[in-house]
Amino acid sequence: IDSFGVLVVMRIIHGTLSSAINPLGFSIIADTFPPERRNTANSIVSAANFAGIALSSMSILLIK
């Protein structure tokens with residue numbers, strides 16, 4: 001299981017799922033939060049998304 005091909009396939013799957021899930025998450029935020037709180041909620045979700053991407057990239061470096 002230790003190969004570059006597996007890494008590429010997993011990144012493709014991750015990108016595909018993220019592009020499908022992110023708009024749904026923002027839609028749920030728009031339905032759940034009042035207009036004066038939406039900016040904060042969207043900012044937290046976006047920051048968490050980018051932090052997760054950074055952590056996953058760092059974990060790849062730590063594994064190798």
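In this predicted model, the axes of helix α1 (residues 4-32) and helix α2 come within 11 Å and cross at roughly 170°. Because angles over 145 degrees count as roughly antiparallel, α1 is roughly antiparallel to α2. On the α1 side, the contact is formed by L7, R11, N22, F26, I29 and A30. The residues that α2 contributes are R38, A41, N42, V45, S46, N49, S56 and I60. Sorted by class, the contact of α1 with α2 holds seven nonpolar, five polar and two charged residues.

These helices belong to a chain whose secondary structure comes to two helices and zero strands. The radius of gyration of the chain is 15 Å, well over the 11 Å that the globule rule gives for 64 residues, so the chain is more spread out than a compact globule. Its overall values are collected below.

| Property of the chain | Value |
|---|---|
| Box filled by the C-alpha atoms, along the principal axes | roughly 45 × 20 × 10 Å |
| Buried residues, as a share of the 64 residues | 3% |

S57 lies in helix α2, which covers residues 35-63. With a relative accessible area of 32%, S57 is partly exposed, since that class lies between the limits of 20% for buried and 50% for exposed. In sequence, S57 and T16 are 41 residues apart, and their C-alpha atoms are 17 Å apart in space.

Conventions. Residues are numbered from 1 along each chain as its sequence is written. This is a predicted model: local features need pLDDT of at least 70, side-chain atom pairs count only at pLDDT 80 or more; totals for chains, interfaces and linings use all residues. Side-chain values use heavy atoms; hydrogens and water are left out. Helices (H or I, at least four residues) and strands (E, at least two) are DSSP runs, numbered from the N terminus. Buried means under 20% relative accessible area, exposed over 50%, partly exposed in between (1.4 Å probe, protein chains only). Axes are lines fitted to C-alpha atoms, for helices over the stretch in contact, and angles run from 0 to 180 degrees between N-to-C directions. Angles under 35 degrees count as roughly parallel, over 145 as roughly antiparallel, 65 to 115 as roughly perpendicular and the rest as oblique. Contact means heavy atoms within 4.5 Å. Ala, Val, Leu, Ile, Met, Phe, Trp, Tyr, Cys and Pro count as nonpolar, Asp, Glu, Lys and Arg as charged, and the others, Gly among them, as polar. The radius of gyration is taken over C-alpha atoms; the globule rule is 2.2 Å times the number of residues to the power 0.38.
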